[in-house]
Amino acid sequence: MGNILIKNITAVTMSDSSGVIENAYIVINGNLIEYIGKEKPETEDFDYVIDGENKVVMPGLVNTHTHLAMTLLRSYADDMNLQDWLFNKIFPFEDKLMADDILKGSEIGVDEMLAGGTTCFNDMYMFQAETGRVALKKGIRAVLSDCVNFDGYDRKVKLMETMAEEFKNEDLISFTFSPHAIYTCSFDVLKKCSDYAKSNDMSIHTHLAETQTEFDDCVKERGMTPTEYMETTGIFDSPTIAAHCVCMTDNDLEILKKHNVSVVHNPISNLKLASGVAPITKMIDMGINVALGTDGASSNNSLDMFEEMKVAAILHKGITLDPTVMNAWTVLKMATVNGAKALGFDNLGVLKQGYLADMIILDFNSPHLMPNNNTVSNLVYAAKSSDVEYTIVNGKLVYNRQTKDR
Ligand SMILES: CSC[C@H]1O[C@@H](n2cnc3c(O)ncnc32)[C@H](O)[C@@H]1O
Ligand SMILES: [Zn+2]
């Protein structure tokens with residue numbers, strides 16, 4: 001598909017300057033947005049034309065922390081806390097997974113994400129080349145990392161290097177380096193990961209301060225909080241994406257801010273595992289970049305970013321007893337442009353001329369979206385992932401609800 005015209009649509013651009021444009025036209029040429037605005041193009045000679053009446057277009061959702069192939073473990077272990085869930089159910093199951101399993105789990109995950117409006121995901125799992133191949137086949141943008149835990153450092157470095165070679169010419173695939181967490185990696189391994197990321201100019205993707213147990217154990221063993229300890233490893237000297245950050249002191253938040261760490265909020269996983277609620281409103285007030293993720297489909301139990309947005313928006317109002325926090329625009333930014341920024345993209349997450357053409361079109365002609373008094377509000381509080389009608393990634397139509405093409 002060379003070029004696409006979207007006409008007469010409500011465009012939620014996520015740009016602070018243009019916000020929402022009614023009756024907008026968007027021209028996609030190749031993998032980029034060539035035009036967005038109110039001017040009607042002179043020609044309709046496009047490979048594909050989408051009539052935007054009763055529809056809304058917005059940037060594709062960025063799921064900034066997931067373990068994609070954990071779709072295989074959906075409904076396998078519920079109603080448990082993180083340590084019990086991870087060490088007694090998940091790790092033993094994962095020890096038996098083979099490359100072909102990851103391929104199947106990734107196919108399920110990518111299908112679920114594209115149908116639900118996610119156009120980019122940041123993954124941390126195993127046999128990631130399989131996930132990369134699925135991502136390419138189905139046309140979704142993927143940031144991959146073959147996660148390091150226990151004593152797997154040397155093997156994971158080799159896998160990452162082989163994978164980097166395989167995908168070196170692919171626009172859709174990029175990488176981070178992933179030490180799993182402070183309780184599965186020794187200080188030496190964390191230090192090696194930090195050195196590797198620095199010398200290879202890579203970002204780090206890790207879990208941090210997810211539970212009170214992790215926090216208390218760390219303070220007891222090392223006299224430091226997980227965030228203070230992570231800082232001593234040098235990890236934060238590389239651009240870092242830290243998932244969870246539930247148990248944070250004020251000093252921990254200062255450390256994240258000082259090192260420009262991006263935090264990924266995973267409210268549903270944190271609630272389901274009874275881990276707690278991350279101090280996201282404090283982080284936002286401090287200017288920390290906060291993105292949104294689902295975590296894996298075993299702790300969530302879905303990869304639905306619309307559900308995640310709504311929970312994020314209402315959870316913090318309930319916790320702080322302040323209805324003004326986490327308004328719809330803030331949450332939508334977390335799910336789009338903040339995720340793009342965390343992943344190092346400076347041309348993604350906003351509908352803007354010259355930016356990558358990753359966007360989704362929702363059908364607003366449904367009772368649960370009527371009346372549409374406020375489009376941004378409806379997207380966060382009322383829309384469902386099943387309202388996604390088209391998903392476009394890198395200028396290609398990769399999901400069409402009518403035909404279920406993907
Ligand atoms: C070795 S690949 C990544 C590793 O992370 C595990 N995982 C999934 N969800 C969580 C979570 O919420 N906290 C910590 N670790 C998690 C996954 O099962 C893989 O083993
Ligand atoms: Zn996780």
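A word on conventions. Residues are numbered from 1 along each chain as its sequence is written, while chains are lettered from A and ligands numbered from 1 in the order in which they are written. Because the model is predicted, local features need pLDDT of at least 70 and side-chain atom pairs count only at pLDDT 80 or more, whereas totals for chains, interfaces and linings use all residues.

Domains to begin. The chain is divided into domain 1 (3-60 + 350-400) and domain 2 (61-342). Those bounds come from an automatic or database domain assignment. The centres of domain 1 and domain 2, taken over C-alpha atoms, are separated by 28 Å. Their contact takes 22 residues from domain 1 and 26 residues from domain 2. Here, contact means C-beta atoms, placed from the backbone, within 7 Å.

Look at the side of domain 1 that touches domain 2. Helix H14 (375-381), strand S15 (388-393) and strand S16 (396-400) are the elements that give two or more residues to it. H14 gives the most, with five residues. Helices (H or I, at least four residues) and strands (E, at least two) are DSSP runs, numbered from the N terminus. By class, this side has 13 nonpolar, six polar and three charged residues. Nonpolar covers Ala, Val, Leu, Ile, Met, Phe, Trp, Tyr, Cys and Pro; charged covers Asp, Glu, Lys and Arg; the others, Gly among them, are polar.

Now the core. Which residues have the most contacts inside the largest nonpolar core? They are Ile26, Val57 and Met309, in a core of 128 residues. Domain 1 and domain 2 both give residues to this core, so it lies between them. A nonpolar core is a set of buried Ala, Val, Leu, Ile, Met, Phe, Trp, Tyr and Cys residues joined through C-beta atoms within 7 Å. Buried means 20 or more other C-beta atoms within 10 Å of a residue's own; 12 or fewer is exposed, and in between is partly exposed, with C-beta atoms placed from the backbone. Leaving out residues up to four places away in sequence, Met309 touches Leu292, Val331, Leu332, Ala335 and Val380.

On to the ligand. Ligand 1 is surrounded by 18 residues, the closest being Ile90, Tyr125, Cys147, His207 and Gly296. The test is a C-beta atom, placed from the backbone, within 6 Å. Helix H1 (residues 82-94) supplies the largest share of this shell, four residues. The shell has eight nonpolar, seven polar and three charged residues.

His67 sits in the loop between strand S6 (61-66) and H1. Is His67 buried or exposed? His67 counts as buried because it has 24 C-beta neighbours inside 10 Å. Beyond four places in sequence, His67 is in contact with Asp123, Met124, Tyr125 and Gly296.

His207 is in strand S10 (residues 204-208). His207 is buried too, with 26 other C-beta atoms within 10 Å. Again beyond four places in sequence, its contacts are His180, Ala181, Ala243 and His244.

Definitions and conventions. Two residues are in contact if their C-beta atoms, placed from the backbone, lie within 7 Å.
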